[in-house]
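Student: I would like to go through a structure by question and answer. Please show it before we start.

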Amino acid sequence: MGYGLHAVAPRREQNDTARCITTEVIAIANFVAMSLGEPPLWVVYSPLLPLFLLLFSGLYLLALPYATSWRRGQRTGGQE
């Protein structure tokens with residue numbers, strides 16, 4: 001209860017959901033642009049920014065429980 005993860009998690013999940021929807025909309029627009037002809041490079045590479053944001057936020061969320069338990073273990077280890 002005192003770690004603050006539960007207070008941050010809903011907002012972070014909303015951000016991840018918004019990034020995911022943005023990535024999918026950009027990818028669909030990319031396919032539409034490709035079907036109409038040769039799109040400019042900025043259209044082709046536009047899905048990469050939201051994808052990298054999703055990657056980094058996912059890696060952060062993956063490492064968060066390990067970092068929390070590691071910090072907790074270090075604090076109790078120094079007090080013994």
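The questions below go from the overall fold to single residues.

Student: What kind of model is this, and what cut-offs apply to it?
Tutor: Residues are numbered from 1 along each chain as its sequence is written, and side-chain values use heavy atoms, with hydrogens and water left out. The model is predicted: totals for chains, interfaces and linings use all residues, side-chain atom pairs count only at pLDDT 80 or more, and local features need pLDDT of at least 70.

Student: How many helices and strands does the chain have?
Tutor: Helices (H or I, at least four residues) and strands (E, at least two) are DSSP runs, numbered from the N terminus. Along the sequence the pattern reads α-α-α. The count is 3 helices and 0 strands.

Student: What share of the 80 residues is buried?
Tutor: Buried means under 20% relative accessible area, exposed means over 50%, and partly exposed is in between (1.4 Å probe, protein chains only). The accessible surface of the chain, by the Shrake-Rupley method with a 1.4 Å probe and, for residues, only the protein chains shown as cover, comes to about 6,600 Å², with 68% of it belonging to carbon and sulfur atoms. Of the 80 residues in the chain, the buried share is 12%.

Student: Is leucine 48 buried, partly exposed or exposed?
Tutor: Leucine 48 sits in helix α3. Its relative accessible area is 36%, so leucine 48 is partly exposed.

Student: How are the rings of phenylalanine 52 and phenylalanine 56 arranged: stacked, tilted or edge-to-face?
Tutor: Rings of Phe, Tyr and Trp (its six-membered ring) pair if their centres lie within 6.5 Å; planes under 30 degrees apart count as stacked, over 60 as edge-to-face and the rest as tilted. That rule gives 1 aromatic pair. Phenylalanine 52 and phenylalanine 56 lie 6.4 Å centre to centre with 20° between the planes, and the pair is stacked.

Student: Which residues does leucine 54 contact, leaving aside neighbours within four places in sequence?
Tutor: Leucine 54 lies in helix α3 and is partly exposed, because its relative accessibility is 22%. Contact means heavy atoms within 4.5 Å, and leucine 54 contacts Asp16, Arg19, Cys20 and Thr23.

Student: What is the length of the polar contact between the side chains of serine 57 and arginine 19?
Tutor: Serine 57, in helix α3, has 11% relative accessibility and therefore counts as buried. A polar contact is a pair of N or O atoms within 3.5 Å; within protein, one must be able to donate a hydrogen and the other to accept it, and residues adjacent in sequence count only if both atoms are side-chain atoms. The side chains of serine 57 and arginine 19 are joined at 3.3 Å.

Student: Which residues does asparagine 30 touch, not counting those up to four places away in sequence?
Tutor: Asparagine 30 belongs to helix α1 (residues 5–36). It counts as buried because its relative accessibility is 9%. Asparagine 30 touches Val43, Val44 and Pro47.
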